[in-house]
Amino acid sequence: MPRQDTPGPTPPGTPPTAVCVGESMAVLLPDRPGPLEVVENFRLSVGGAESNVAGTLAALGVPTAWISRVGDDGFGRRLVAEVAARGVDVSAVSVDPHRPTGLYLKEVGGASGHRYDLGPGRSRLHYHRRGSAAATLSPALLADPAAAALLAGARMLHLSGITAALSDDCLALLRALVVERRPGSGVPPAEGPGLVSFDLNWRPALWRDRDPAVLPPLLDAADLLLLGTDEALDAFGTGEPAALRRRFPSPATVVVKDAARVVTALERDGTAVSEPALAVEVVEATGAGDAFAAGYLAGTLRGLDQRRRLRLGHLSAACALTTPGDQAELPPAHVVAALLDAPAADWAATRVTAGGIVSPALRAPAR
């Protein structure tokens with residue numbers, strides 16, 4: 001297959017090809033590793049699965065919109081401004097005058113020896129999201145002219161299981177977007193994206209007071225399903241790719257991610273393609289799954305073959321692992337293209353660090 005160059009960031013004003021719907025929050029990032037009781041200062045940032053995917057898609061040249069709700073507060077304004085600064089269309093984000101923007105604090109492990117230190121390369125998120133503006137997302141969104149226009153014009157819609165756990169209204173929205181669009185649902189087909197991507201994004205804490213049995217029908221109604229082996233084991237009792245393919249027979253493709261080892265894409269016809277992860281010097285793990293999803297989806301929209309889709313996902317995730325924030329800093333387009341086309345041995349010998357990418361596929365280290 002001839003090499004396909006990777007486009008740069010999305011030009012402003014380009015109609016969205018992909019739409020991501022879901023909650024995002026303000027984030028407080030610590031100024032040092034270690035337990036929260038030793039942290040002196042926090043830096044304000046933003047984060048959330050769907051907006052992370054949207055930002056990385058835009059950086060990969062896919063015109064993307066993010067749809068959500070935020071509070072009428074400084075955190076909400078900061079959140080919308082930062083997502084927009086990544087090149088994402090935020091024209092259908094609504095402001096709730098009564099409910100706040102969600103917030104979470106990130107705790108980053110170090111090597112301090114403190115009894116509550118999580119340890120190097122590990123992190124924990126502390127959420128303050130109950131009753132947030134995003135929890136009021138509902139099927140009423142589909143009647144909003146701005147949101148309806150974005151959904152009608154997009155080729156792909158990306159969702160996650162986080163939204164289903166936030167409230168009954170959020171669950172009803174996902175059912176309207178995913179389940180009720182399928183043949184045999186009894187609902188006339190609506191104009192909208194031809195491809196629905198769904199990332200499980202299992203968050204046990206969110207499901208303590210809710211029934212996770214609502215998830216499988218949503219996942220099986222998607223066209224493209226992304227699952228982590230660890231989260232699938234927790235949620236469904238197995239992380240084995242073939243078993244998950246049998247568990248969810250309807251999606252055209254089921255992508256099973258075994259974290260730092262390998263990712264396997266299984267088609268409905270039984271075809272399976274696996275690609276090993278890159279060697280990465282991890283700075284912080286949060287956001288890597290979202291970056292993988294964005295890379296894989298960008299490759300899908302670009303028409304890459306399955307192996308290159310998986311590689312673009314791996315590369316995006318690797319870049320996210322080498323930054324303390326949630327958003328991946330991606331290498332130049334020519335570097336991405338060279339790695340997607342690299343022989344298997346060169347791909348296996350590639351190493352990604354905060355200082356750059358070293359690979360036999362590159363003439364010089366990429367920074």
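How many bridges join strand β2 to β3, and do these strands run parallel or antiparallel? Select residues 25-30, which make up β2, together with β3: 6 bridges join the two, and they run antiparallel. Keep in mind that this is a predicted model. Within this pair, pick Val-27; the residue opposite, in β3, is Ser-45.

Next, select helix α2, residues 74-85. The helix packs on the sheet and touches β2, β3 and β7 (103-108). The direction of α2 makes about 60° with that of β3.

Now show the whole sheet. It is open, has 4 strands in the order β3-β2-β7-β8, and its pairing is mixed. Strands β3 (42-47) and β8 (123-128) are at the edges with a single partner strand each, so one side of each has no neighbour in the sheet. On average, neighbouring strands here are turned by 25° against each other, direction ignored.

Move on to the largest nonpolar core, which has 49 residues. Select Leu-57, Trp-66, Val-255, Phe-292 and Leu-310, the members that touch the most others. Elements giving two or more residues to this core include β1 (18-21), α1 (49-59) and α2. Helix α9 gives the largest share, 8 residues.

Stay on Phe-292. Leaving aside neighbours within four places in sequence, its contacts include Leu-226, Val-255, Val-263, Leu-310 and His-314. A second, separate core has 46 residues, among them Leu-174, Leu-177, Leu-227 and Val-256.

Last, select helix α11, residues 333-340. Its buried residues are Val-335, Val-336, Ala-337, Leu-339 and Leu-340. These pack against α10 (306-321), α12 (344-348) and β17 (356-358).

Technical notes:
Residues are numbered from 1 along each chain as its sequence is written. This is a predicted model: local features need pLDDT of at least 70, side-chain atom pairs count only at pLDDT 80 or more; totals for chains, interfaces and linings use all residues. Side-chain values use heavy atoms; hydrogens and water are left out. Two strands pair if DSSP finds at least two bridges between them. Axes are lines fitted to C-alpha atoms, for helices over the stretch in contact, and angles run from 0 to 180 degrees between N-to-C directions. Contact means heavy atoms within 4.5 Å. Buried means under 20% relative accessible area, exposed over 50%, partly exposed in between (1.4 Å probe, protein chains only). A nonpolar core is a set of buried Ala, Val, Leu, Ile, Met, Phe, Trp, Tyr and Cys residues joined through side-chain atoms within 4.5 Å.
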